[in-house]
Structures are given as structure tokens and as C-alpha cells.
Amino acid sequence: MPDQIAPVSLPTAAPKKLTGVETLKQTSHGLRGRLAEELAEGGIQVSEDAYNLLKFHGSYEQFDRDTATALKQQKLEKEYQFMVRVRMPGGMLTAAQYLGLDRLADDYANGTIRITTRQGIQFHGILKGDLKPSIAAINHTLLTTLCACGDVVRNLMTTSAPRNDARHQRLRDDARMLSAELLPRSRSYYEIFLDEQPVAGTDETETLYGATYLPRKFKIGLATPDDNSADVLANDLAIIALFEPDAQGVDQLIGYNIAVGGGLGMTHNRADTYPRLATPICFVGPDRLLAIVEAVIRLQRDNGDRTDRRRARLKYVVDDRGLAWVKQTLDGYYGEVLEPARDMPRLHIPELLGWHEQGDGRWWLGVPVPSGRIQDTEAMRLRTALRQVVERFGVDPIMTAQQDILLSNIQDADRAAIDAMLAEHGVVPASDLSTFSRFALACPALPTCGLALTEAERVREPIVASLEALLRRHDLQDRRISLRITGCPNGCARSYSGDIGLVGRVPGHYAIYVGGDFDGHSLSFRLHERVPEARLGEKFAPLFEAYAGQGLPSEGFGEFCTRVGRDALLALTGDAAPDA
């Protein structure tokens, strides 16, 4: 009998270490930490642990980056401040809520209101001593900041259009329902910011999120094929409601197509991070929406990477494990084999600005808000105008994913007076803007965002003006071309899914992305790695000229760029190198 060969013991890889944020969440006692104590201690900033826990409660600590260097040279402290974000599903507010938030801008913030690209509102410039009272004041309007940030389900997005029909009403109702159902069970927020007294025996078990919540932020969007104003495929979880008319021609909900794995953030110089659009995975019936949403969240909760926050989103689970594995695993969380996603029409983003009939005898007016910043300037007193319109006419504002505001439930007899009031304050109507200008987004970037590598909001106007002048040479300014500008690669302004994306690379320089499409079906590709702001026009001029002469009649600019290809586009811009 031959000697038995002893099995070879192979070294096993040590398990990766969890990130510090994961350890913090585990030991935070339901997101409490020492937040209450730190807020009571005074001072102008918080500890790193408090910084990370504050996100779950809707706030980021920031500092004024315009003044930081000069203060450092004087050996003085930075000007620390806090951003507070409001959770408001679908961007919907009542007139009273909007007016309450408007007062907060002066009472606690820097006098401006910022509409986010996720239909929320955020305030900048709040001092540490005002953080608790400002959040309490938001709650007094029957709104919340809970889960506006953090490793949880963020603000629910859906169509902004206040149309009085079955499709839009269902989306609004679903967004409100999911927003309420997906909040954590911990009472920490209410104890820290609203002085709620702890009650012995309260069950705070996080049956959905678990003790350490999610590995990273989780974004959900709802749409119908004919109204993708929420840019639904850019979310971790995309929900597309499908309707069919009954015998009387009335739309009836037949169910939802579910797509997973969207997300636009990436990290420069890390090829294993990238933007991705959600992939259709299944279809569920009208009464199973919450069940499938919770199943997807649990899948991400248990399988997302908790050792690397830059690869912690659901999109990496989808790509690393594969769609077949995701579908089979999702069947298990859902409790039955899921039906494949159904065929559906192509997604479309409608025009929401200007005057529109709601379908109930009333109107809405879409008002452009450059970069989403509601403020008063010498040229345009937008904040005052909106306040006066809401006060006088009782209209209900809705924030859009395009960073604009819709004034809804307007009586026909009030339209002329509202137009006159806005004009009196210098508010530029949508009809005076080109399509290109109307569909240009920009994130806040400098001076408040700590991640910004260069400007975005503060250069939006000159960049739009420069590129629009080039488009006008070829009468292209009213073609449906979207522009998104971000100061860093995190993609808050969805810079990788529009026709044109400008992504901050280093101070004063941008990576140029083209090849996406207006309606949110495809991603763009990087054309140039690092272009000075002053040379952006030089790069786009030959592209616009080629599009004018060679573009197909129904072809968008991004689609044209994809068809022509990167090499041909680089040849047009005079860049023969692989990465100019």
C-alpha cells in the first residue's frame, strides 16, 4: 500500500479589515454615539466619529474653502459650518412648508436655498450652535432631515410633474410610501434633535437595515417610460411603473419593472470604480412593490463590500457576482421566483418648465433656477419673488431633478399676475432660455464641498454661455442637449449620463465626457482627461460643427458622439494621443 501523501496546507488570505465607519456604526448605539454630548459642548466643529454619524441625521460638516488657506497662514481656525439636507420624497412641498424653509435660510443658514439633483433642499452655512435648532425647525414644518444622507435609503425620487392622472398620482403615492417605510427604527434622531425622552423597552431592532445599516448610500428612483424626469437608471434601484388602459381607456397599473445596479460615482485613477446604469432584473405586480424593494436592500446589505467604501455600492455586487447570481439570490430574499422584466417603451424626459395644464383645471409653472440656488442677487431677486408668489397665491412648490422649481395648483385667473410678479423681480422665464441652458446642471462644488477638485456651480454660467455661443453658430442651441458639471468624480450632477459631462480633475481643469443621451439610456465615455476651463470651447467647436453637418435628423449629440467614436472625435479636436 503506497504511503499516503499528507495534504498540503495552503495559506488562506486573511479577511479584509472592515472600514472604520463600519466599526463606528456597530458601536454607535443606534447612530447616537456622542452626538448629543458634542452638540452641547460648544465649539465650532465635531469629532470624526460625530462627522460620520451626522450624515445619517441629514448633515455634513464643511468649511469655507475660499478662506481656509489665508486663515491657516494666520494660524487661525477654518470657518467650519454645516450643510443640512431635507428629506422630501418627489420634491413635494406644501406652500406652508416652503415658507417655513424659506425663513430658515435667514434664521440659520447663508440666506440661500439649494435645490439638489435628487429633488431635495439643502441649507449651507449653518453654525454648530444652530445645528440642533435648525433641524428642529425643519421638523416643525412636518418635514425631516433623517436619512437625507448616510448609509441608508436616501431621498426618494420620482416625477415632479403635478399631472392629475393615474400614472403620476401612483408614482407620488409610491414615493411617499417607500420614504416612510424605509426609515430606520432607531429613535436616536428624535432624542438628539427633538428632545424626545427614551422609553424603556422600545424595540429599535433594525429588521431591514441591520445593526450596521447599509455598506454605502442607497438611491431609489421611480418613473414611467414616458416621464423619466427622475433619471431613474442612475439609481441603485430603478422602479419603472407600467400601465395599460382598461376598456374605458383609463390607465391601470399592471406592475413594475425593477432594475438594479445604477450609480454614477467613481474615483479618478481607480479603474475598478466606474459609473453604471441600472440593469432590468425582474417584474413584480402592483401589490408587491415594498416586498421587492426590501429584498433588493437586503441583498445589498448582506453582500455589499464593507471593507472598501469606494467599491461598496450595489453596482459592484451586480458586476462582481453577475446578473444570474443576483437574480437567483434576489429570488431567495423575495421568497419566490421572480418574473423577468417586461418589454417597455423607450424612456423619455419631458419638458417641465413654463406653463402646463395639470388636468384638473389648474396649472403649474416651471421656473428655471440656475444651479438650483434660490437666492437674491442684483440681477434677479428669485428668492423674494418665489416667497411672494407662494404667500399670495398659496401655490405648492415641487423641486425637480433638474434643480428647478414647479409652482403647482395655480388658478387660471392668477397666471398673468404671477408672470408679472416674477418679471418684476427679474426672474428669467423658461421661454427666454435656450434648451441647452435649461438642461444644464451643476453641483455646489467650491467653496463648501470638501470633495471638490475645482469649480462647478460658480462656473456654470460662463461655461453655458461659451458653449451656447458655439451651438448658435449652427442653430443647435434648442436641440435637446444636456450638460452636467461636477467639481469631482462623484457624479452628483449625473455627469456621466448626459450628452456632455464636465468632471473636475484638478483646479481649473475638467475631464470631458460625451456619448450619453438626453433621456438617460446610456453612459458617456471620457474623451479628454484634463482640459483647462479656458480651452473647453476650443474642444467643443469642431464637435458641434461635425454634429451639425453629419448628425442624423433624430440623433442626439451624445448619440452622434457614440456613433462616430472616440478616435474620430479626437481627430476632430486635433488630439492624436490616446488621452489628450
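**Entry 1: the largest cavity**

I began with the lining of the largest cavity and sorted its residues by class: six are nonpolar, three polar and six charged. I kept in mind that this is a predicted model. How large is the volume of this cavity? I noted about 140 Å³ for the largest cavity. The search finds three of 30 Å³ or more.

**Entry 2: the second largest pocket**

Next I turned to the second largest pocket. I wrote down about 930 Å³ of space for it. The lining has 39 residues, and the closest to the centre are Pro-370, Ser-371, Gln-375, Arg-460 and Glu-461. Which elements give two or more residues to this lining? I found β4 (121-126), α14 (435-438) and α15 (457-472). The largest share comes from α15, with eight residues. By class, I sorted the pocket lining into 14 nonpolar, 14 polar and 11 charged residues.

I looked at helix α10 (residues 314-321) and helix α11 (residues 323-334). Their axes come within 6 Å and cross at roughly 110°. Angles of 65 to 115 degrees count as roughly perpendicular, so α10 is roughly perpendicular to α11. Which residues meet here? From α10, I listed Val-317, Val-318 and Arg-321. From α11, I listed Leu-323, Trp-325 and Val-326. The contact of α10 with α11 has five nonpolar residues, one charged and no polar ones.

**Entry 3: aromatic rings**

I looked up the aromatic pairs. The count comes to 14. I picked one of them, Phe-544 with Phe-557, and checked its geometry. The ring centres are 5.3 Å apart and the planes stand at 65°. Planes over 60 degrees apart count as edge-to-face, so this pair is edge-to-face. Where do the two residues sit? Phe-544 is in helix α16 (residues 536-550), and Phe-557 is in helix α17 (residues 557-564). The two are 13 residues apart, and the pair links distant parts of the chain.

**Entry 4: two backbone details**

I ended with the backbone. Is the peptide bond from Leu-446 to Pro-447 cis or trans? I found it cis, with omega near 10°. Pro-447 has its place in the loop between β14 (440-442) and α15.

Where is Leu-142 found? I placed Leu-142 in the loop between α6 (128-140) and α7 (166-181).

Definitions and conventions:
Residues numbered from 1 in each chain as written. Predicted model: local features only at pLDDT ≥ 70, side-chain atom pairs only at ≥ 80, totals over all residues. Heavy atoms only, no water. 1 Å grid on protein atoms, 1.4 Å probe; cavity = no way out; pocket = protein on both sides within 12 Å on 5 of 7 lines; lining within 4 Å. Points joined across faces, edges and corners; volume = space filled by probe spheres on them. Nonpolar A, V, L, I, M, F, W, Y, C, P; charged D, E, K, R; others polar. Helix = DSSP H or I, 4+ residues; strand = E, 2+ residues; numbered from the N terminus. Axes fitted to C-alpha atoms, helices over the stretch in contact; angles between N-to-C directions. Parallel < 35°, antiparallel > 145°, perpendicular 65-115°, else oblique. Contact = heavy atoms within 4.5 Å. Phe/Tyr/Trp six-rings, centres within 6.5 Å; stacked < 30°, edge-to-face > 60°.
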